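Subject: Handover of a structure and its findings

Dear colleague,

Please find the structure below, with the sequence alongside.

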Amino acid sequence: MTTNPSQRTLLFTGAYSERDESGVCVYEFNENNGEMKLLDKVSGIKNPTFVNVDPKSQRLYAIGEISEQGGKAGEIISFDIDPVAGKLTEQSRVRSVSSSTCHIQRDEASKHLIVSSYHGGLVGLHSIVKDGQAGELLDEKKHADLVPVGEDQQPRAHSAFYSPDGKYVFVQDLGLDKILAYTVDEAAQKLNFHGFTQLEAGAGPRHLAFHPSGAYAYVINELNSSVTVLRYIQDEGRLEVVDTVSTLPPDFEGESYCAEIAVSEDGKTVYGSNRGHDSIVVFSVNEDNGRLNPIQYISTEGGHPRHFTLMPGGKFLVVANRDGNNLVLFSVSPEDGKLTFTGYTVTQSKPVCVKPAVFQV
């Protein structure tokens, strides 16, 4: 297969960084051999740990951290993307929620951005204004105001993901072992609380990924190193627990915490990352009920795999090892989805997020 000359795949990364360090980077990704070439890097943002890319509008949104009255608040930085040069141009900054943020999500229609705050235990809604930049904060919801909180619990909103039909937003709260569901009220420009799914105590739900069929979702639980299989009840906007499986080999006895989860485009394979065991677990998916069976545990060739991504086309997977200070390339078997280390790595300081996008050029 030859690369389509009118298409270009770029890989955007976020990282832990001080303002004078490069936190957001842009790489050209060679779809034939998986090589990554650094094209641009941006400084001036504190801890741009998560990004969201809109290839259609050629926009990138990054979260950042600002000081405010002795505490921390979030900000969203909007960039224009030049896909030919692979360069970012900052367009604007807007103050976000009243605590530092860890995740940013965009709806398919590019009307809104949703940020999650781990330390604040809250979720915020921003508009995307006509020129494609992040608009003002429209609404901020504190989880402690919406659901029961145990004496020894602290709300920790970690991520927000839209349902496949776009009607609901599911927010993983690691501290409450709950997935909170919201709808976006277009007229009032607010988030409406819709309900929650209770997971087992001490699980620590972190990130979520839907199966391409839309029938199932998978949430990776940071604290007890597991993945919970959920059935999506579309007409009720509800997630129902089906099963929970460990992400670690049965003989592993050390300390480990999960981070990222992804589902292959064909829906046959689910991937999760283990920080401590420093591995990617590969699960095969039962087509009848969505349940998972582990088929591989492979080293990430670096410490603390905070995030990873399946590249468009499904031939490669890139892991961001925060403590390994590297991006590591794996090839994906077309037969069973298992991974093979290619031997190819790129050095980057404290990478936390990797987001690919295909551009028409």
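A residue is called buried when its relative accessible area is under 20%, exposed when over 50%, and partly exposed in between, with a 1.4 Å probe and protein chains only. The structure is a predicted model, in which local features need pLDDT of at least 70 and side-chain atom pairs count only at pLDDT 80 or more, while totals for chains, interfaces and linings use all residues. Residues are numbered from 1 along each chain as its sequence is written, and side-chain values use heavy atoms, with hydrogens and water left out.

Overall form

The protein chain has 28 strands and zero helices; helices (H or I, at least four residues) and strands (E, at least two) are DSSP runs numbered from the N terminus. Along the principal axes, the C-alpha atoms occupy a box of roughly 50 × 50 × 40 Å.

Of the 361 residues, 57% are buried. Contact is defined as heavy atoms within 4.5 Å. Among contacts with a separation of 6 or more, 49% are between residues 24 or more positions apart. The chain exposes about 14700 Å², of which carbon and sulfur atoms supply 45%; accessible areas come from the Shrake-Rupley method with a 1.4 Å probe, and for residues only the protein chains shown count as cover.

Charges and salt bridges

The chain carries 32 positive and 47 negative charges, and their mean positions are 4 Å apart. Lys and Arg count as positive and Asp and Glu as negative, with His and the chain ends not counted; each charge is placed at NZ of Lys, CZ of Arg, CG of Asp or CD of Glu.

The whole structure contains 18 salt bridges, each being a side-chain nitrogen of Lys or Arg within 4 Å of a carboxyl oxygen of Asp or Glu. One of them joins Arg8 and Glu28, at 3.1 Å from N to O. Arg8 belongs to strand 1 (residues 7–15) and Glu28 to strand 2 (residues 24–29), so this pair ties together parts that are 20 residues apart in sequence. Arg8 is buried, at 15% relative accessible area, whereas Glu28 is partly exposed, at 26%.

A salt bridge also connects Arg106 with Asp54, whose closest N and O atoms are 3.8 Å apart. This pair links distant parts of the chain, since Arg106 is in strand 8 (residues 103–106) and Asp54 in strand 4 (residues 51–54), 52 residues apart. Arg106 and Asp54 are both buried. In the salt bridge of Lys141 with Asp139, the closest N and O atoms are 2.6 Å apart, and both Lys141 and Asp139 are buried.

Individual positions

Thr269 is part of strand 21 (residues 269–275) and is buried, with a relative accessible area of 4%. Beyond its neighbours within four places in sequence, Thr269 has contacts that include Ala262, Val282, Phe283 and Asp336.

Pro356, in strand 28 (residues 351–360), is buried at 18% relative accessible area. Its C-alpha is 6.5 Å from that of Met311, although Pro356 and Met311 are 45 residues apart in sequence. Not counting residues up to four places away, Pro356 touches several residues, among them Leu10, Leu11, Val53 and Met311.

Gly313 lies in the loop between strand 24 (305–310) and strand 25 (316–321) and is exposed, with a relative accessible area of 59%. Gly313 and Ser264 are 49 residues apart in sequence, and their C-alpha atoms are 9.8 Å apart.

Backbone angles

Most residues other than glycine have a negative phi. Asn47 has a positive phi, near 50°; Asn47 is in the loop between strand 3 (36–42) and strand 4, and is buried at 15% relative accessible area. His304 also has a positive phi, near 60°. The loop between strand 23 (292–299) and strand 24 holds His304, which is buried with a relative accessible area of 16%.

With kind regards
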